[in-house]
Amino acid sequence: MDKKPVNGKYLDFTKQDITDYLDIFKQLVSKGRYTISKNANRQENIDFMMDYRINSYKAKEILMNLQYDDFCYAAANYNPGYEHERLYVFCKEYELDYWGELEYVDIYIKTNIIQIKDDDFAIVISFHKRNEPITYLFRK
């Protein structure tokens, strides 16, 4: 299934496409075969998780609660050698603790599923507060 980008975004998905993707993604998360990027290029992820006191259990809970209607779009991976990959973007509203105050936060989540030695592994590239407007593919 070769999808065509619109303004750099891949939008030609069915609900079933995203449900199938999430089934694989959640299996990987439940087996601990995932990571949330926390390197020098992902300071926003680190700051978000610290500010909202998100430990590994809470992060896993949020990821396991992703639904097809949280999906926004997919994008090409522009890192050299990985252009064939698609990055899936979700935005999940979640109630979080911000230093003792509960607030609803839109969490921007960008994911990728890669193969390492013939086995799938999920990477959460972005995991932070949404910082620009976003459109959901399956919400009106």
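**Close-up views of a predicted protein model**

**View 1. Ser126 and the residues around it.** Setting aside neighbours within four places in sequence, Ser126 makes contact (heavy atoms within 4.5 Å) with Arg42, Asn45, Tyr108, Ile109 and Lys110. This is a predicted model, in which local features need pLDDT of at least 70, side-chain atom pairs count only at pLDDT 80 or more, and totals for chains, interfaces and linings use all residues. Residues are numbered from 1 along each chain as its sequence is written, and side-chain values use heavy atoms, with hydrogens and water left out. Ser126 sits in strand S7; strands (E, at least two residues) and helices (H or I, at least four) are DSSP runs, numbered from the N terminus. Is Ser126 buried or exposed? Its relative accessibility is 3%, so Ser126 counts as buried. Buried means under 20% relative accessible area, exposed over 50%, and partly exposed in between, with a 1.4 Å probe and protein chains only.

**View 2. Trp99 in its loop.** Look for Trp99 in the loop between S5 and S6. With a relative accessible area of 51%, Trp99 is exposed. Which residues does Trp99 touch, not counting those up to four places away in sequence? They are Met50, Asp51 and Arg53. Tyr52 is 47 residues from Trp99 along the chain, yet their C-alpha atoms are separated by 7.0 Å.

**View 3. The largest pocket.** Here you can look into a space of about 390 Å³. On a 1 Å grid over the protein atoms alone, a pocket is an open set of points where a 1.4 Å probe fits, with protein on both sides within 12 Å along at least five of seven lines; lining residues have an atom within 4 Å of a point. Grid points are joined across faces, edges and corners, and the volume is the space filled by probe spheres set on the points. The lining has 20 residues, and Arg42, Asn77, Asn79, Leu87 and Ile125 lie nearest the centre of the pocket. Strands S4 (71-76), S5 (86-98), S6 (101-116) and S7 (119-129) are the elements that give two or more residues to this lining. S6 provides the largest share, four residues.

**View 4. The protein around these close-ups.** Stepping back, you can find three helices and seven strands. From the N terminus on, their order is β-β-α-β-α-α-β-β-β-β. Buried residues make up 41% of the 140 residues. The C-alpha atoms fill a box of roughly 45 × 40 × 25 Å, taken along the principal axes.
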